[in-house]
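Visitor: I am new to this structure. Could you show it to me and take me through it?

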Amino acid sequence: GFDVSKLLKQTGTVTFDPGFMNTAATTSAITYIDGDQGILRYRGYPIEQLAKHSSFLETSYLLIYGELPTPTELENFDQRIRRHTLLHEDLKGFFGGFPRDAHPMPVLSSAVSALSTFYQDSLDPFDEEQVELSTVRLMAKLPVIAAYAHKKSIGQPMLYPDNSMNLVENFMRLSFGLPAEPYEIDPDLVKALDLLLILHADHEQNCSTSTVRLVGSSNANMFASVSAGISALFGPLHGGANEAVLNMLRDIQATGMQPETFMEKVKNKEDGVKLMGFGHRVYKNYDPRAKIVKATAHDILAKLGGNDELLDIAMRLEEKALADDYFIERKLYPNVDFYTGLIYKAMGFPEKMFTVLFAIGRLPGWIAQWREMMQDPQTKIGRPRQLYTGAPERNYPQR
Ligand code: ACO
């Protein structure tokens, strides 16, 4: 009930909170996290129950529209998405413009940004039908763009989407299928990816979601806002961590270093080395998503023939960390990214695609948060204050 701008004028006081450790920028009815207890719920439903019983498509519907769909609503949502998977041919030409070794994340953010140029009939953030259309377009096209970014980086031809398949099946086929060969869907693989996408689908006001909201707060369209979110996710302290974890495990394996030795380096903060996949701004307890991934990692790797040695290294690192005062004092536990990379790798994705997979998972969360913000009468343009520490007024030198 108080007027912040009035307070500022009266007292000249501002809250100094670098990294927004303690500043709520919005109200939200989408995701609930209790970081001390390790609880995560989407729209009230515990993540454990959704992981067990829901699908990525159904969870996306839940996040975006607020309630679980009826079977007919889910079928309609699925069909609408299937009908929008094709990319404009000119947009496909876009991929040829990047260097061959381009990282697929900036390719993804660029192509998603470019959707504003190709689909100009769905850019009005306050037109309900246009918002619906851009929602479905993004859900349908982002996984296709992601698969094409992958194909581009390995020099293989891009397939047309097959609309007899759902979103996750289609993505697998577009990522791994070849033109002349029929692609056999592996239900274990699809189920594993579906689960990981559910676990990533939303996480309240994290860095990329806050970015989507901040960009959207200027009334920027959904494509532009989500593209900015993808850029935020790219960083190694956020979505890029899953790729960094696998590189870290690989390095430990390749150098034959004992996990204990690596842990000493981390604790001494040698060269800024961190135990990637550990720690979280909000969770000061085991990340409930990491718990689910860890529980399934063994099963999935056994089925897919993953690298058990890397999993062993990961588990030894975790065991050491959980018993170490450095980690206990700082309440550092594995986050969702600690075990996911091993599974993505076993599925056949190169490291560069890991963060892209995170982006596919996070998409319904970004969309839901953007829509919630646009409908919220309290929304104002995001504009933090600062504490100026630069030079005082001085005169331009007369030469
Ligand atoms: N390894 C070693 N030490 C760590 C780690 C880690 N992974 N994470 C935090 N610490 C230490 C910090 O050095 C700091 O120690 P200090 O008090 O001696 O200076 C203390 O723990 C507090 O950490 P902060 O960095 O201040 O915590 P913050 O909330 O700002 O950062 C973050 C959270 C970015 C996730 C951090 O834990 C980190 O860098 N982790 C590794 C990267 C990672 O896994 N990111 C994925 C996050 S989850 C996601 O995006 C899905």
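Guide: Of the 19 residues around the ligand, those that come nearest are Ala241, Lys274, Phe278, Gly279 and Arg281. A residue is near a molecule if its C-beta atom, placed from the backbone, lies within 6 Å of it. Please note that this is a predicted model, in which local features need pLDDT of at least 70 and side-chain atom pairs count only at pLDDT 80 or more, while totals for chains, interfaces and linings use all residues. Residues are numbered from 1 along each chain as its sequence is written.

Visitor: How do the residues of the shell around the ligand divide by class?

Guide: The shell has eight nonpolar, seven polar and four charged residues. Ala, Val, Leu, Ile, Met, Phe, Trp, Tyr, Cys and Pro count as nonpolar, Asp, Glu, Lys and Arg as charged, and the others, Gly among them, as polar.

Visitor: On to the helices. At what angle do α12 and α15 pack?

Guide: Helix α12 (residues 241-255) and helix α15 (residues 308-322) pack at about 100°, and their axes are 10 Å apart. That makes α12 roughly perpendicular to α15. Angles of 65 to 115 degrees count as roughly perpendicular, under 35 as roughly parallel, over 145 as roughly antiparallel and the rest as oblique. Helices are DSSP runs (H or I, at least four residues), numbered from the N terminus. Axes are lines fitted to C-alpha atoms, for helices over the stretch in contact, and angles run from 0 to 180 degrees between N-to-C directions.

Visitor: Which residues make that contact?

Guide: Leu249, Ile252 and Gln253 of α12 and Glu309, Leu310, Ile313 and Ala314 of α15 make the contact. Two residues are in contact if their C-beta atoms, placed from the backbone, lie within 7 Å. By class, the contact of α12 with α15 has five nonpolar residues, one polar and one charged.

Visitor: What about α7 and α18: at what angle do they cross?

Guide: The axes of helix α7 (residues 128-154) and helix α18 (residues 354-375) cross at roughly 170° and come within 10 Å. That makes α7 roughly antiparallel to α18. Among the residues in the contact are Val131, Leu138 and Met139 of α7 and Ile360, Leu363 and Arg371 of α18. The contact of α7 with α18 has 12 nonpolar residues, one polar and one charged.

Visitor: And how do α3 and α4 pack?

Guide: Helix α3 (residues 56-65) and helix α4 (residues 71-83) pack at about 100°, with axes 10 Å apart. The two are therefore roughly perpendicular to each other. Leu57, Glu58 and Tyr61 in α3 meet Glu73, Leu74, Phe77 and Asp78 in α4. This contact of α3 with α4 has four nonpolar, no polar and three charged residues.

Visitor: Now a single residue. Is Val168 buried or exposed?

Guide: Val168 is buried, with 21 other C-beta atoms within 10 Å. A residue is buried if 20 or more other C-beta atoms lie within 10 Å of its own, exposed if 12 or fewer, and partly exposed in between, with C-beta atoms placed from the backbone. Val168 lies in helix α8 (residues 167-176).

Visitor: What does Val168 touch?

Guide: Not counting residues up to four places away in sequence, Val168 touches Phe56, Val190, Leu193, Asp194 and Leu197. The C-alpha atoms of Val168 and Phe56 are separated by 8.2 Å, although the two are 112 residues apart along the chain.

Visitor: One last topic: where is Lys331 found?

Guide: Lys331 is in the loop between α16 (325-329) and α17 (337-347). Lys331 is not a glycine, yet has a positive phi of about 55°. Most residues other than glycine have a negative phi.
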